[in-house]
Amino acid sequence: MVDERKLPLAGVRVLDFGHTVMGPACGMMLADLGADVIKIEPVDGDRTRRLKGFGTGYFGYFNRNKRSIAVDLKDERGRAILLELVKTADVLVENFAPDTMERLDLGYETLGRTNPRLIYASLKGFLDGPYRERQALDEVVQMMAGLAYMTGPSGRPLRAGTSVVDITGGMFALIAVLLALREREQTGKGQKVATALFESTVMLMGQHLCYSAQSQAPIPPMPERVSAWAVYEPFHVLGGKQVFVGITSDRHWERFCAEIGRPDLLRNPAYATNEDRIDARATLIPELASVLAGMTLEQALGVCERARIPFSPINRPEDLFDDPHLLATGGLMETVLPGGVRTRLPRLPIRMEGASFDLRRDPPQAGQDSLDILRELGLDTAAIQTLVAAGVVHQGASD
């Protein structure tokens, strides 16, 4: 059992208005680090709970270690509950469309007066500027900032295969919240912090902008780039499988040639250095492809491991459930999803002495903790029952 008092953010209370990925990802990381994160949901639950397709994985992954209160904020009694919660909070996280919180009279100007120590994290599509009012999604900003262009081949922009910008934006928001908490220790005052999808993507693209500034030609997309390494790509092996092989130094090349029993390749002056091998890729890559095509996946992986070079099988996401390293290190945590499905999901990839960022609470049912939270605010049983009966608060089932 995790001792929550020993976690870095123990004692910090967060009100999480996040939905879909960006806001909930920030809230999840705050929760994993020990904050008491209260998810604020409408009485019928966060709509992310009902998404299908790729959205099926959103709620169950990004809402662990949180408590849930389901409350009707359009009812004055529900709003009064929220304002009482704001008085107890250190941080508020929201990623609604521009001006949504202001229309609800829940913007920073309002809530900052209710609690001057509040850190109000606003996660948007764009920071203030000409694009401020635009609607944005992960895929949209990948297209805008050139990430999709760099990922796919020419003429075929391709979004990254996970919600990389949403999650990165949530991480930048986490950094801003931690900085604001540190500053509050000095000033006693809260503040509004902001981050955005577009600017987060631009940050990711910085290396390509730097490359462009030093190049006389347009940057090619990654599938067509001139790699700095002669061998850095997937190869087919027996059984229709693939292995990625990276040979990024001359020592790698020496060890690899020894493992495959091809001293002739090592003696070939056309392949003497990494730069020589880049120039000779037209003959080198087919030669290596022929060698690896006669191996099973296990044989190819064994060769690469013994040669101590970068390598990997080409995995599908579900292959991670049986990954030996994750099994040995506990990299996936047992989790019960709303609806009762049991699975294992990634833990926060951080290690610290004296703190274990384990699962403390499974993703909650909508309103699962409503009654406990209302009791913490000082409401008695009769008052709570009145709110539930009136539909102002939803009392969710506990697993």
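## The model

This is a predicted model, in which local features need pLDDT of at least 70 and side-chain atom pairs count only at pLDDT 80 or more, while totals for chains, interfaces and linings use all residues. Residues are numbered from 1 along each chain as its sequence is written, and side-chain values use heavy atoms, with hydrogens and water left out.

## The largest pocket

The largest pocket holds about 1,200 Å³ of space; a pocket here is an open set of points on a 1 Å grid over the protein atoms alone, where a 1.4 Å probe fits, with protein on both sides within 12 Å along at least five of seven lines, and lining residues have an atom within 4 Å of a point. Of the 34 lining residues, Phe 54, Gly 57, Tyr 58, Tyr 61 and Leu 345 are the closest to the centre.

Both α2 (58-62) and β11 (342-346) supply at least two residues of this lining, where helices (H or I, at least four residues) and strands (E, at least two) are DSSP runs numbered from the N terminus. By residue kind, the lining divides into 18 nonpolar, twelve polar and four charged, with Gly counted as polar and Tyr as nonpolar.

## Helix α14 and its surroundings

Helix α14 (residues 281-293) has 13 residues and reaches 17 Å from its first C-alpha to its last, close to the 18 Å expected at 1.5 Å a residue, a span taken as 1.5 Å times one less than the number of residues. Its residues Leu 284, Ile 285, Leu 288, Val 291 and Leu 292 are buried, and because they cover an arc of only 125 degrees around the axis, they lie on the same side of α14. Buried means under 20% relative accessible area, exposed over 50% and partly exposed in between (1.4 Å probe, protein chains only).

The face turned away from the buried side carries the exposed residues Ala 282 and Ser 290. Among the elements that cover the buried residues of α14 are β7 (231-236), β8 (242-247) and α15 (297-307).

## Glu 233 in strand β7

Glu 233 is found in strand β7 and counts as buried because its relative accessibility is 17%. Leaving aside neighbours within four places in sequence, Glu 233 is in contact (heavy atoms within 4.5 Å) with Val 243, Phe 244, Val 245, Arg 281 and Ile 285.

Key. Arc of directions from axis to C-beta. Points joined across faces, edges and corners; volume = space filled by probe spheres on them.
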